[in-house]
Structures are given as C-alpha cells and as structure tokens.
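Reader: I am new to this structure and would like to learn how to read it feature by feature. Could you take me through it, giving the general idea before each case?

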Amino acid sequence: MKILQISDTHNRHQQLINLPGADVIVHCGDFTDMGTEDEVLEFLNWFIELPYPHKIFVTGNHDLCLWEADGIEGLPDSVHFLQDRGCEIGSIKFFGLGYNHPESLIPYNVDVLVTHEPPAMILDESSNTHWGNVPLRNKVLEIKPRYHLFGHAHENYGTENRKGIIFSNGSSLDSSYTIVRKPKLFIYK
C-alpha cells in the first residue's frame with residue numbers, strides 16, 4: 001500500500017500540484033490558518049476531490065473549530081476524519097489523535113499512528129524550541145506502531161527510524177509559511 005503524507009499546509013493546499021499517486025493520502029493537521037469554518041470547508045472541498053481511494057486527516061493547533069468535533073456530517077466514505085478514532089484500510093490499522101488530546105486514547109494494535117504533534121526530541125525542533133510531546137513519545141515507544149506520521153515543527157521535516165518505528169515529520173511549509181517541501185511517499189509492506 002502506498003501512503004502519501006502531507007502536513008501544515010495552512011490554507012496553501014491548492015499550491016500542492018502534481019501530487020504522486022498513492023492508495024491513501026494523510027494530512028497531519030494545520031490545514032487552516034485561523035481555524036474558521038470557511039477555511040475548513042474550503043480545505044474539505046479540495047481534499048474530497050483529490051484522486052485517492054482513501055483520505056485521512058487529523059486536527060492541528062490551527063484547526064480550532066474542529067478541536068472538539070466528534071465527526072463531520074456528510075463526508076464521503078473514502079474520507080476519514082480520525083479525531084481520536086481509527087479505521088482499517090486493507091489490513092492496515094490507522095489511528096488518529098486529535099490535537100492536544102490525551103495519548104491514553106491510542107490503542108495498542110495500531111500500524112500507522114497519525115498525530116499533529118511530534119513526539120519529544122524526534123523531529124520536533126523549530127525556531128530553537130522542541131515542540132514535542134513527552135507522554136506521546138512514551139506511548140509511541142510503548143505501542144510500537146510501524147509508522148508515526150506527524151507535523152507541527154515546520155523546520156524539522158524529515159524521517160527517522162528508531163527502534164523499528166518510522167517517524168515522519170511531513171510539514172509542507174518552512175518557517176516563513178512557504179510551501180517548499182514535497183509530500184512524503186511510503187510503501188507499507
């Protein structure tokens with residue numbers, strides 16, 4: 001299965017062109033700038049129309065109007081808003097954690113964990129500050145998903161393999177909020 005990761009587009013998602021093919025596209029949050037309903041609707045209209053069989057997204061710290069949402073009515077079956085919930089695509093189990101929600105909600109049988117926040121000290125530095133979450137790091141190392149996809153720290157785009165877990169910060173923007181990074185494509189075997 002091919003999984004395409006994007007994150008931190010902050011209303012600039014329309015600038016992502018010539019996206020590579022994949023089975024699943026994952027947005028790790030901060031798709032809006034001010035977190036308004038209009039921004040969310042504009043993003044969703046774009047996201048729904050993307051030519052991917054499955055689309056997954058979680059909230060980021062900018063996506064304010066969805067922080068406490070239990071779900072979004074009217075989404076097509078192919079679009080998965082993983083706010084503290086999971087879905088299974090093929091035999092792969094995805095789980096998304098809403099921004100600033102407790103790590104205790106993450107179950108043990110997760111293959112791909114999607115969050116906005118990075119785990120502490122793993123691809124989490126931006127503007128000389130570590131933005132990572134210590135309890136999240138501890139939980140990820142405990143449950144050992146195959147992948148942990150996240151964003152938030154714009155300057156620390158990258159991928160690391162630690163203890164058999166692939167950690168990926170897929171921030172599309174740099175610290176000046178300019179799209180400079182390509183989406184990441186993973187082949188899940």
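Author: Let us begin with strands, and with a definition: two strands pair if DSSP finds at least two bridges between them. Please keep in mind throughout that this is a predicted model.

Reader: How many bridges join strand β11 to strand β12, and do they run parallel or antiparallel?

Author: Strand β11, residues 158-162, and strand β12, residues 165-169, are joined by 5 bridges and run antiparallel.

Reader: What do β11 and β12 form together, and which residue in the turn has a positive phi?

Author: They form a hairpin with 2 residues between the strands, and K163 in the turn is the residue with a positive phi, of about 55°. Because its relative accessibility is 71%, and exposed means over 50%, K163 counts as exposed.

Reader: Is N18 buried or exposed?

Author: N18 counts as exposed because its relative accessibility is 72%. This residue lies in the loop between β1 (2-6) and β2 (24-27). Sequence and space can also be set side by side here, for N18 and H130 are 112 residues apart in sequence and 32 Å apart in space, taken from C-alpha to C-alpha.

Reader: How should I read the aromatic rings, and how many aromatic pairs are there?

Author: Rings pair if their centres lie within 6.5 Å, and planes over 60 degrees apart count as edge-to-face; by this rule there are 11 aromatic pairs. F31 and F57 have ring centres 5.6 Å apart and planes at 80°, and therefore the pair is edge-to-face. Since F31 lies in the loop between β2 and α1 (37-49) while F57 belongs to strand β3 (residues 54-57), the pair ties together parts that are 26 residues apart in sequence. Both F31 and F57 are buried.

Reader: Which distant parts of the chain does the pair of Y147 and F186 link?

Author: Y147 and F186 form an edge-to-face pair, 5.3 Å centre to centre and with 65° between the planes. Y147 lies in strand β10 (residues 147-150) and F186 in strand β13 (residues 184-187), 39 residues apart, and both of these residues are buried.

Reader: Which residues do ring pairs link into a cluster?

Author: The cluster joins F31, F43, W46, F47, F57 and F81 through ring pairs.

Reader: Which charged end sits over the ring of Y157?

Author: That is the charged end of K184, 4.6 Å from the centre of the ring. In another case, R146 lies over the face of Y188, at 4.3 Å from the ring centre.

Reader: Finally, what volume does the largest pocket have, and which residues line it?

Author: Its volume is about 190 Å³, and its lining residues include H10, D30, H62, W131, H152 and Y177. Sorted by class, the lining of the largest pocket has 3 nonpolar, 8 polar and 1 charged residues.

Terms used
Residues numbered from 1 in each chain as written. Predicted model: local features only at pLDDT ≥ 70, side-chain atom pairs only at ≥ 80, totals over all residues. Heavy atoms only, no water. Helix = DSSP H or I, 4+ residues; strand = E, 2+ residues; numbered from the N terminus. Buried < 20%, exposed > 50% of the residue type's maximum accessible area, 1.4 Å probe, protein only. Phe/Tyr/Trp six-rings, centres within 6.5 Å; stacked < 30°, edge-to-face > 60°. Lys NZ or Arg CZ within 6 Å of the ring centre and 35° of its normal. 1 Å grid on protein atoms, 1.4 Å probe; cavity = no way out; pocket = protein on both sides within 12 Å on 5 of 7 lines; lining within 4 Å. Points joined across faces, edges and corners; volume = space filled by probe spheres on them. Nonpolar A, V, L, I, M, F, W, Y, C, P; charged D, E, K, R; others polar.
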